[in-house]
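The report below takes the rings before the helices.

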Amino acid sequence: MHSIAQPDNFDYNLEMAYSLDFRRKVLSVREKKGLTIAEVAARFDVGVASVTRWVKNIHRKPQGFRQRKIDL
């Protein structure tokens, strides 16, 4: 029996982030090949929202503790 709070996909991890080198490579390929954000996202199997965020700011946001409405 699994908890509804646990995702069914065990590879899913909220703490994972793409390396700065990888993000630079994605944006470099986009620029060199003249690809759209959707095309480069599909090529590297990343989300369109991630690539859009990297175009605006390639550095990741610092991760901190999120306050919750419900005490865990």
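This is a predicted model: local features need pLDDT of at least 70, side-chain atom pairs count only at pLDDT 80 or more; totals for chains, interfaces and linings use all residues.

Residues are numbered from 1 along each chain as its sequence is written, and side-chain values use heavy atoms, with hydrogens and water left out.

**Aromatic rings**

Rings of Phe, Tyr and Trp (its six-membered ring) pair if their centres lie within 6.5 Å; planes under 30 degrees apart count as stacked, over 60 as edge-to-face and the rest as tilted. A search of the whole structure finds 4 aromatic pairs. Two of them are listed here.

| Pair | Centre to centre | Angle between planes | Type |
|---|---|---|---|
| Tyr 18 and Trp 54 | 5.4 Å | 80° | edge-to-face |
| Phe 22 and Trp 54 | 6.2 Å | 85° | edge-to-face |

Helices (H or I, at least four residues) are DSSP runs, numbered from the N terminus. Tyr 18 sits in the segment before helix H1 (20–33), and Trp 54 in helix H3 (residues 48–56), so their pair ties together parts 36 residues apart in sequence. Phe 22 is in helix H1, and its pair with Trp 54 spans 32 residues.

Trp 54 is buried at 7%. Tyr 18 is partly exposed at 39%. Phe 22 is partly exposed at 23%. Ring pairs join Tyr 18, Phe 22, Phe 44 and Trp 54 into a cluster.

**A buried arginine**

Arg 23 lies in helix H1. Arg 23 is buried but has no salt bridge (a side-chain nitrogen of Lys or Arg within 4 Å of a carboxyl oxygen of Asp or Glu). The nearest side chain of opposite charge is Asp 21, 8.5 Å away; Lys and Arg count as positive and Asp and Glu as negative, while His and the chain ends are not counted.

**Helix packing**

H1 and H3 pack at about 90°, with axes 10 Å apart. That makes H1 roughly perpendicular to H3 (65 to 115 degrees). Axes are lines fitted to C-alpha atoms, for helices over the stretch in contact (heavy atoms within 4.5 Å).

Note on methods:
Helices (H or I, at least four residues) and strands (E, at least two) are DSSP runs, numbered from the N terminus. Buried means under 20% relative accessible area, exposed over 50%, partly exposed in between (1.4 Å probe, protein chains only). Axes are lines fitted to C-alpha atoms, for helices over the stretch in contact, and angles run from 0 to 180 degrees between N-to-C directions. Angles under 35 degrees count as roughly parallel, over 145 as roughly antiparallel, 65 to 115 as roughly perpendicular and the rest as oblique.
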